[in-house]
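Here are a few notes to read alongside the structure. Please keep it open as you go through the points.

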Amino acid sequence: MPDQQKQPRIDLWFGRLAADERRCALLQRLLDDEQRGRAEQFKTPVLRNRYIESRGLVREILAEYTGAPPETLRFSRQQYGKPYLPDCPELSFNLSHSGGYMLLAVARRCQLGVDIEQVKSRGNFAGLVNKCFAGPEIAWWKALPESEKVPAFFRLWTRKEAFVKATGRGIALGMQHVETDPETPGGFVQIPEPYGRPEHWRLVDLDFRQDLSGALVVRGEQPTCSWHAFD
Ligand SMILES: CC(C)(COP(=O)(O)OP(=O)(O)OC[C@H]1O[C@@H](n2cnc3c(N)ncnc32)[C@H](O)[C@@H]1OP(=O)(O)O)[C@@H](O)C(=O)NCCC(=O)NCCS
């Protein structure tokens with residue numbers, strides 16, 4: 001539908017993965033052989049259950065859009081790993097999880113990417129900033145008061161990651177080539193040339209919790225977003 005392409009409607013499904021044994025046993029029945037095999041490879045029960053729960057929930061949610069039973073959905077991956085439904089290619093979706101939370105963005109005929117990250121101090125931020133941020137972003141981040149550096153890092157990081165996930169190329173695209181204006185949300189300053197012009201893409205900062213940073217990126221016009229909780 002032309003209107004949908006002009007102003008994409010994005011459903012954002014968010015919730016906490018409870019990793020509850022009984023619930024996971026039920027959701028596991030929805031997975032295919034490949035997913036069950038991958039679940040077995042996780043080293044701890046919590047990580048295994050989170051995987052089973054997120055995969056099961058993705059099936060239940062996408063089934064609402066396709067009309068097919070969740071256990072019958074077939075998943076394929078694009079060249080660099082972005083999942084899609086070959087039997088329903090007009091359904092666009094992207095998944096992100098962090099710290100036991102999951103966000104799934106769903107739309108029709110829309111190139112999109114989403115990322116959430118738990119906002120907490122970890123590792124060598126300055127090293128990652130030097131490697132993955134663009135020149136003006138590095139200068140801006142380094143000039144911030146110490147107390148603002150962690151949330152600011154994740155603000156910019158999730159924007160970049162949502163972009164590389166929207167393209168389907170992933171982080172190998174080079175995060176430093178994706179630049180946003182830290183003070184002006186909504187769009188991009190620079191993106192790698194094969195992906196068109198920065199104004200072809202829209203960026204939505206998802207400020208919905210203090211402990212999580214999030215971003216949604218879509219190709220096209222400014223999207224309208226509807227939030228949904230899964231249980
Ligand atoms: C996709 C990628 C950005 C994930 O980042 P992350 O913060 O660890 O994880 P998130 O929870 O936000 O997203 C993971 C989900 O994104 C989706 N995804 C996987 N590859 C994707 C891609 N190329 N583009 C968009 N989405 C992708 C999957 O649904 C995945 O969930 P799964 O692990 O349960 O299958 C990263 O793993 C990546 O770049 N992968 C592509 C392969 C690649 O280039 N690898 C080089 C590593 S140096």
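1. Which residue takes a positive phi just after helix 4? Glycine 67 does, at about 85 degrees. Helices (H or I, at least four residues) and strands (E, at least two) are DSSP runs, numbered from the N terminus.

2. A word on the source: this is a predicted model, where local features need pLDDT of at least 70, side-chain atom pairs count only at pLDDT 80 or more, and totals for chains, interfaces and linings use all residues. Residues are numbered from 1 along each chain as its sequence is written, and side-chain values use heavy atoms, leaving out hydrogens and water.

3. Helix 4 covers residues 45-66. At 1.5 Å a residue (times one less than the number of residues), its 22 residues should span 32 Å, which agrees with the 31 Å between its end C-alpha atoms.

4. Now to the sheet, which is open and has 3 strands in the order 6-8-7, with antiparallel pairing. Strands count as paired if DSSP finds at least two bridges between them. At the edges lie strand 6 (112-118) and strand 7 (201-205), each pairing on one side only.

5. Strand 8 (residues 212-219) is joined to strand 7 by 5 bridges, and to strand 6 by 7 bridges. Tryptophan 201 stands opposite arginine 219 of strand 8, while glutamine 118 has leucine 212 of strand 8 as its bridge partner.

6. How many residues of strand 6 are buried? The count is 6 of its 7 residues (buried means under 20% relative accessible area, with a 1.4 Å probe and protein chains only), leaving strand 6 mostly covered.

Methods: Buried < 20%, exposed > 50% of the residue type's maximum accessible area, 1.4 Å probe, protein only.
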